[in-house]
Amino acid sequence: MLVQVERFSRIPGDAALVTLRTSVGTVPASWGGNLKAAVGEHHIEWELDEDFRWGFNCSPAAVEEPCLYQTESGVFCRGRLGLTGIQAAQAFAHLELADAVIDLGHIDGLPQGMAGAWVEINLRPEKIKIHPYQI
């Protein structure tokens, strides 16, 4: 996903939180690259450091369009839910967000028939890490 990093601030633990502008919204995220090169345009990969539980931090979306936004409750990522290994007891999930695919891992308590459904996940900004890469 191509994004614009606008600014950064240091957070405890020698990490940096950046303001990330995408085609579907602007949110804070933890920066996983060289801090001196953070501000500017980057292709990124997403890393979400969270255990997902249906009805707690993962739920059906009321609106069927990709979006990133922040409220006092945290950062919300809205996209289509993709599942692999559906026949297995624990399917692995990914979120299709605009032109990115973000691995979610296993979602506890996920109801049957959710493949392709629009969902929202909720995270704290420091649980979202982005890694720049070269094309």
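Me: To which accessibility class does Glu-6 belong?
Reply: In this predicted model, local features need pLDDT of at least 70, side-chain atom pairs count only at pLDDT 80 or more, and totals for chains, interfaces and linings use all residues, with numbering from 1 along each chain as its sequence is written. Side-chain values use heavy atoms, while hydrogens and water are left out. Relative accessible area, taken with a 1.4 Å probe on protein chains only, separates buried (under 20%) from exposed (over 50%), with partly exposed in between. Glu-6 has a value of 29%, so its class is partly exposed.

Me: Which residue meets Glu-6 in a salt bridge?
Reply: A salt bridge requires a side-chain nitrogen of Lys or Arg within 4 Å of a carboxyl oxygen of Asp or Glu, and here the N to O distance is 2.4 Å, between Glu-6 and Arg-21. The pair links distant parts of the chain, 15 residues apart, joining strand 1 (residues 2-11) to strand 2 (residues 15-22), where strands are DSSP runs of E with at least two residues, numbered from the N terminus.

Me: How many of the residues of strand 11 are buried?
Reply: On one side of strand 11 lie Trp-118, Glu-120 and Asn-122, and on the other Val-119, Ile-121 and Leu-123, all of them buried, so that both faces are covered. The strand, residues 118-123, is therefore largely enclosed by the rest of the structure, the count being 6 of the 6.

Me: Which residue forms a salt bridge with Glu-120?
Reply: Glu-120 counts as buried at 14% relative accessibility, and its salt bridge with Arg-78 brings the closest N and O atoms to 3.0 Å. This pair links strand 8 and strand 11 across 42 residues, two strands that run antiparallel and are joined by 6 bridges, where pairing needs at least two bridges found by DSSP.

Me: How are the rings of the aromatic pair arranged?
Reply: Rings of Phe, Tyr and Trp (its six-membered ring) pair if their centres lie within 6.5 Å, and planes under 30 degrees apart count as stacked, over 60 as edge-to-face and the rest as tilted. The structure holds 1 such pair. For Tyr-69 and Phe-76 the centres are 5.0 Å apart and the planes meet at 10 degrees, so the arrangement is stacked.

Methods. Helix = DSSP H or I, 4+ residues; strand = E, 2+ residues; numbered from the N terminus.
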